Amino acid sequence: MIKQDLKNALNDIFAKYLREQGITDSLNFTVEAAPKNIGADFALNAAMLLAKKVKKNPRAVARELIDVAVKEIPELIEKAEIAGAGFINLCVKNEVLYKELEKILKEKDKYGSFSENNKKKILVEFVSANPTGPLHVGHGRGAAIGDSLARILKYLGYDVAKEYYLNDVGNQMLVLAKSVEIRFRRLKGEKIDFPLDCYQGSYIVDIARRLVSENRDIDEINFKYEAVKGILSEIKKDLKDFAVEFDSWFSEGEIAVDKDKNGRTEVDKICEYLLAKDAAYVKDGALWLASTKFGDDKDRVLKRSAGGYTYLASDIAYHKNKFERGFTKLVNLWGTDHHGYVARIKACAQMLGYSKETLNVILYQLVSLLRNGKPAAMSTRSGEFVTLKEVVNEVGKDACRFFFLLRSPDSQLEFDLELAKKQSSENPVFYVQYVNARCSSIIGQSKARSDIVADIGNIDFSLLNTKEERNLIKQLAAFCDTLALSEKTMSPHYFAVYLTELADIYHKFYEKCRVLTDNAELTSARLKLVEGVMIIIKNGLNLLGVSSPDKM
């Protein structure tokens, strides 16, 4: 972790500098990758921040810091220069890069990971689509983001579980049951209209047709059960084909329907608890949540005056259940149309005695499907939307997941189906996967050589001294920075960006630096660099749930 090691060392130096100036404040400076055109590895804003504290010219402070840093950590810094109004540009020693490459080669699929991380238990709840129909492409984006984020957090050593929350209670379930029953009756020959407010998709007909084929008697059919069973079976299959598997499926019925020996549900209990804690009150015959006390714009109804709990009441009970299961951090992925719900659910966490920081809500935008840059026309069996299954069947699981992760969750995503199918450098997932295949081919060809050095300890890494080789090693080392950034922002899209940049840097290296040469020492060193690229590509793609084929 070159960047972090450098920052830690500089932090001690700058803290000492401040103390010598009689200042006890800490300094929250940044170490960022330098722009490609300035011939440096990292850029620091420390001098500009320090200048305000010591009341000196930023460039003068930069000169003082450079003199101290070069003297204190000569093993890290090769060169340091002042830029602009007071930025410091640093080049690290080549030996630092070689050491990091060795670390990658030794640690392989453990590079940058932790065996455990503060023993924090994290529950990532995502997709959670109502079991009233197949998953659409919007659910697919949420599935890709949630699953990849869980993979990253687990790689970082957290105890991570993935959960799907089933909203299998309420009016939509009654409508679903009614939809299947009417289709069943029509298939049995009854002359009965199909209401417009029922679910229109042909998947409803499929469920009814199955029940008819089983010679089921209408009086003994639980239409809700049969409908949810059929739809949920397809949802699970679609998710498995998308490389998403959940650790648990939590039914809303467990908290909203199931009763204890006293005849009370978990929703009953949480509402009584909130009332006793003065976090809820009765007004006009309804039970209200006093959510404005915790930052919401208005109080919310928990139980209607006519009877019946709202979704919010169930959600509070559900989140209480999550905390009671020992999770110390909750991550929810919701569609952006739920943005107004965030403040009240965070208020609920506080009412339950937890800080709002224990609940992280990620909102993601929906997906616009294109074909050659124009809105895509696709036949749908859902009756309303394009399903995830249709898109995966057309472009494949890998392209689908990678494209869903190309942008930050809060950015709108345009998904070009034809581009996703291209086997060329225009297609980002193909571009990245091809690097792994090309590396695999080179290593395969090297097997015929008897002069290749395999032992890392006998490799002369100093032979990797071209600009292209140096840039490639720096990008490999940035894998750890990408892990840290993904955790901080709770977004896996940085890995899609990182891998695309890595592929670009690798292709430049491949064009300028022949790997299999007549020089056995140089060939051995470059083969180890190629091996390092394969390790990082495989690690990164695995975190995104994308395969890394050795042949393409």
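Among contacts in the protein chain (heavy atoms within 4.5 Å) that join residues at least 6 apart in sequence, 69% link residues at least 24 apart. The model is a predicted one, in which local features need pLDDT of at least 70 and side-chain atom pairs count only at pLDDT 80 or more, while totals for chains, interfaces and linings use all residues. Residues are numbered from 1 along each chain as its sequence is written, and side-chain values use heavy atoms, with hydrogens and water left out.

The protein chain holds 19 helices and 15 strands, taken as DSSP runs numbered from the N terminus (helices: H or I, at least four residues; strands: E, at least two). Its C-alpha trace spans about 85 × 65 × 45 Å along the principal axes. Of its 552 residues, 52% count as buried, where buried means under 20% relative accessible area, exposed means over 50% and partly exposed lies in between (1.4 Å probe, protein chains only). The chain exposes about 26,200 Å², of which carbon and sulfur atoms supply 48%; these areas come from the Shrake-Rupley method with a 1.4 Å probe, and for residues only the protein chains shown count as cover.

Helix α2, residues 46–54, has Ala-46, Ala-47, Leu-50, Ala-51 and Val-54 buried. Seen down the axis of α2, these buried residues fall within an arc of 130°, so they line one face of the helix; the arc is that of the directions from the helix axis to the C-beta atoms. The buried residues of α2 pack against α1 (2–20), β2 (42–44), α3 (58–72) and β4 (87–92). Just after α2, Lys-55 takes a positive phi of about 60°.

Leaving aside neighbours within four places in sequence, His-507 is in contact with Tyr-431, Tyr-434, Val-435 and Arg-438.

A search of the whole structure finds 44 salt bridges, each being a side-chain nitrogen of Lys or Arg within 4 Å of a carboxyl oxygen of Asp or Glu. The table gives some of them.

| Salt bridge | N to O distance |
|---|---|
| Arg-216 and Glu-214 | 3.0 Å |
| Glu-266 and Lys-269 | 3.2 Å |
| Asp-278 and Lys-293 | 3.7 Å |

Glu-266 and Lys-269, being three residues apart in helix α10 (residues 266–276), are separated by about one helical turn. Glu-214 is partly exposed at 37% relative accessible area, and a network of salt bridges links Arg-210, Glu-214, Arg-216, Glu-220, Glu-226 and Lys-229.

Aromatic pairs come to 22, counting rings of Phe, Tyr and Trp (its six-membered ring) whose centres lie within 6.5 Å, with planes under 30 degrees apart called stacked, over 60 edge-to-face and the rest tilted. The rings of Phe-246 and Trp-249 have centres 5.3 Å apart and planes at 70°, so this pair is edge-to-face. Phe-246 is buried, at 12% relative accessible area, whereas Trp-249 is partly exposed at 26%. Ring pairs also link Tyr-111, Tyr-155, Phe-479, Phe-495 and Tyr-498 into a cluster.
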